[in-house]
Amino acid sequence: EFSDEELIDLSRSLRLNLNLVELRSIREYFRTKLNRGIFDLELHSFSQLWSEHCRHKVFRGLIVDENGEPIIDDMLKNYIAKATEKCNKPWIVSFLKDNAGIIEFDDTYSIAVKVETHNHPSAIDPFGGAATGVGGVIRDILGVWASPIACIDVLCFGPLDYPMDAIPRGFKHPKYLFRGVVKGIGFYGNNMGIPTVAGAICFDEGYVGNVVVYAGCIGILPTSSYKFSSKPGDKLILMGNSTGRDGIHGASFASSDLKEDSERISRSAVQIPDPVEEEKLRRAIIRIRDEGLASGITDLGGGGLAVAVVEMADRIGGGARVFLDEVHLRESMLPWEIWISESQERMLLMVPSENVDRVLEIAEEEDLKTSVIGELTENPFIDVYYHGTLLCHIETSFLLRPPKARYVAKWYAPKLHEPFFDEPMDYGDLLCKLLSSPNICSREEVIRTYDHEVQGNTVIKPLHGDYGGPSDAVVLKPVSNSWRGVVISVGVKPWYSRIDPYWMAASSIEEALRNNVCVGGRRIAILDNFTWGNPEKPDRLGSLVRAVKACYDFAVGFDVPFISGKDSLYNESPLGPVLETLLITAVGILPDIRRAVTLDFKYAGNPIYLIGLTLPELGGSQYYRLMGYIGSSVPKVDVKSSKRIMELIIEAMDRGYIKACHDISDGGLGVAISEMAISSNFGAEIYLDRV
Amino acid sequence: MVKFKVRVEVWLKDELVDAEGKTVEEALKDLGYDVSGVRVGKVYIFNVESESSSDVERVVVDICERLLANPVKDKYFVSVLGHEV
Amino acid sequence: MVKFKVRVEVWLKDELVDAEGKTVEEALKDLGYDVSGVRVGKVYIFNVESESSSDVERVVVDICERLLANPVKDKYFVSVLGHEV
Amino acid sequence: MKPKILIIRVAGTNCDSETARALEEAGASVQIVHTKRLIDRLLDLSSFHGLVIPGGFSYGDYVRAGAIWASKLYSKLMDEIVSFADSGKPILGICNGFQVLVEIGLLPGLGEFGLRSISLAPNDSGKFECRWVYLKPNGSNRVFMKYYTPDRIIRMPVAHSEGKFIASNYILKVFEERKLILLRYVMPNGSPAGGVYPFNPNGSYMDIAGICNVDGNVMGLMPHPERATYLWQYPDFTSKIYGELEYAYGDGYWIFKSMCDYIIEEII
């Protein structure tokens, strides 16, 4: 019988991060349906299950303009998912539903892909945050029975030479973050024996208070293994690390701004990476998959057991009965802490009772701790016990359906102008400055610390040629007796966000596709990962809606489906919102890796062709940044001609006409030609008047 | 300026799980040793130029906060071993 | 049997180049600190069950020889901090 | 009869599958087994013709790369391993496997050199190094190096953070005299790397990348031959014409082929 004010205080003191509308609907449910008081474990369940991190309330909410007129309802369904439905590709196995997007690779195997962000934990503990980010996305891939074959990472930092005293108190200097994050990514991927093959690094003032760490994973699985046949009576088996107080409130914490004293508040939100444990999990899970022992699997990510168990119960249209005293622990904990702990390297399996012993046997052989913590039930309630006392009894569906959120969005076009300055005197000097600028220079120093060769299937490496030129995309050959390849590329253009997030999204999509095509990739699927500011502020949400609209327009325009995505919102700090960033990951197919094309010049005398129109669109370019401007003429993607060009290039490649190919991206034509020359032992003669 | 020789020890906080310590403990038990509570830390020894011993302490603490330790998950100990005469 | 609390420090031999120390030194100079001679070592703290203090010293040296240190490139220091009463 | 080769692994080993693939390509029948099964006597080591300890991060490379795995083998399986080596059967340690063989003293050889006379220290660069290197093989070893003609320069990738080979001058002199150095880092044109980074990626004394024991049947190397088994694994295969890719093998394949031939001729 809490009043509204008491509800707000309760939410703040327990750090539940629930708003009044949500708290009221919980109060109403308990009054009418259950007519009893609420247990603290139930309160924390709502805090986790109804967090932005788990339920994407903004993307699923109703968005209205200033005077209440609806702009879009459920951006996820009506923009992202709709684009995929419109493309209507037969080779999509699963999209925007399970732990990862899945597409067919050949008639036996499928490819699973997922990309996640781990920004808040990395801002506090760069090494541990980045490492557990990689660990988490690998578990998403294991969560669809796929075996990981590659990791990718896209990192965004403030300028490394940012003045030390301008860093707000409680925040770390970009150089400290850069060193820790790169070490963490390498530590986890190398230890797991998964090649870290692709990615990007961006430096901008917009990331000083808000480091951005994207971690992605690609896996392969026999298509026949991807099934979910769980039914009431199947046992719930928790496998992996013992549970501790790691990351308590990790989920709902990620949905609130990063305050200055965030280090102290989030002490318990720090997560410790243990890749050796996850490597054991990978081996056990693949063995369990191949013996067909389990009916379903999912990983324990944000919200821990609470989210995993409830989502599985919802999927069978029933409920679950869980005994928290069965969970293997590392330290003594309160029941609600066990229920929402985010200790790393843990998976939840649904196993028919007749197979439980064999599953436990496999786990034991791989040195893994397990506990049978309950079972799925017919009765659609989530019942949680601790030493026999019932601590939670709520309908599964209610736990997963927070009240519809409503947000106000307003986009303000920035008042920018095109700068005017005379031509550079010395083009050579300018080109060298561009080539050595932070956002263009070689990433070899970082890539060499990542094992990108383990598993022995990396055909086109991230670095090419004796001087480590940047490959556009990476090609893997995952199946021993087949020449078929997987092509992985990324596109990220945060520079354009300051001008227009619509064209930023368009360019990010186009660059991911062009990078893929440059190597010969086709039949491409993409993933969208947004990193934005606080959606409760209309201007932030306004730009987000524009970017998501662009995702719809250009996915349909290029006829390329979204198969997975994630959004990280509330990236704000005393210095303001994060530079709005959309990462597009593209996964294509290469029918025969022996016909792969790389960017290095191959033979003296080969003519060089520039395909596509060059327009005076220098807004947001690295050249303007070098001269200290942003500009306003942001490149506008001409989807028809761009799509046509890519189709023709693939056709020409298949006929063996093209020996080398590279896309023109940051730094323009000059940088692109230089990168092709650096990757080979050839120079080039260019006639600008023919462009 | 005087050259001070300093020593810094960095340990994971007690309430955090020490994955390395856990693995080393299991290995030692496996070898038949009766051990428990294994924790693994890092120790640094280096010289610092500074005006006075009180000042050097401040500099080394600053070094720890900025690079050698992460206050969120580490605890660290600083000791000034001596100074060059 | 008595529970002893022991401490082991493992350092690279002085004549060997300490790559990690060099990296840390460059990073500190990069941040503007006037440091030199940075060496990085590992330190272990754990409990050992043993009859007597002389015996525990022998056990810990054995542990170092068998696992914690490699005599070709490491030097190590053992100290018994105390025992449970 | 196919050579029966055992690949052992523990938590953290991760190069076992591509190593098995390379061995099968070279004509062996391969079994990948967790070390625990050998220790629990569920499997008899002597029933195999060859043993391979693959690369990876056994036990997270805590304490030292390979140290914990080595301590387990040394205390639980040493007799079987020593008798396996003494019987002349080939043992190959790749990267983490090389570190393990060094830690248990099988390299350069317990009898003459005692438990530990050499070591693999952290790289001089202070970082993990993943790059392709040029190597000069020493063709005098029949077990592993049979197919390498004296003047040949080969290429393989390295991927490690503790690969710097160090030993006393005395030991180095003995290795030189007894031709126990099987692989050295070289410049692309074949001249000695002379410790120059990145051609010598870790600072190893005398550019040593791989050695064998006194009898020549136990070999350890830091580069990964299983990642240079096929030409499509090479960094420049798109620019070089390698003829029909189907049959052309990479430099790493020939170590496994030589090992299998040796087993067929000498062991079976």
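Colleague: How do you know that chain C is in contact with chain B?

Modeller: In this predicted model, 32 residues of chain C are in contact with 32 residues of chain B. Contact requires heavy atoms within 4.5 Å.

Colleague: What makes up the area buried between chain C and chain B?

Modeller: That area is about 2,800 Å², and carbon and sulfur atoms give 60% of it. On the chain C side, Tyr33(C), Asp34(C) and Val43(C) supply 19% of what chain C buries against chain B, more than any other three residues.

Colleague: Why is Arg7(C) with Glu9(B) called a salt bridge?

Modeller: The closest N and O atoms are 2.3 Å apart. The cut-off is 4 Å between a side-chain nitrogen of Lys or Arg and a carboxyl oxygen of Asp or Glu, so the pair qualifies. Across the interface of chain C and chain B, the rule finds 4 salt bridges. It also finds 15 residue pairs in polar contact, both residues at pLDDT 80 or more.

Colleague: Which elements give two or more residues to the side of chain C that touches chain B?

Modeller: Strand 1 (2-12), helix 1 (19-30), strand 2 (35-50) and helix 2 (53-68) of chain C. Strand 2 gives the most, with 15 residues. By class, this side of chain C has 18 nonpolar, 4 polar and 10 charged residues.

Colleague: Why do you say that strand 2 of chain B and strand 2 of chain C pair?

Modeller: Pairing takes at least two bridges. These strands have 11, so they pair, and in the antiparallel sense. Within this pairing, Val43(B) stands opposite Gly41(C).

Key: Residues numbered from 1 in each chain as written. Chains lettered and ligands numbered in written order. Predicted model: local features only at pLDDT ≥ 70, side-chain atom pairs only at ≥ 80, totals over all residues. Heavy atoms only, no water. Buried area = accessible area lost by both parts, 1.4 Å probe. Polar contact = N/O pair within 3.5 Å; in protein donor to acceptor, adjacent residues only side chain to side chain. Helix = DSSP H or I, 4+ residues; strand = E, 2+ residues; numbered from the N terminus. Nonpolar A, V, L, I, M, F, W, Y, C, P; charged D, E, K, R; others polar.
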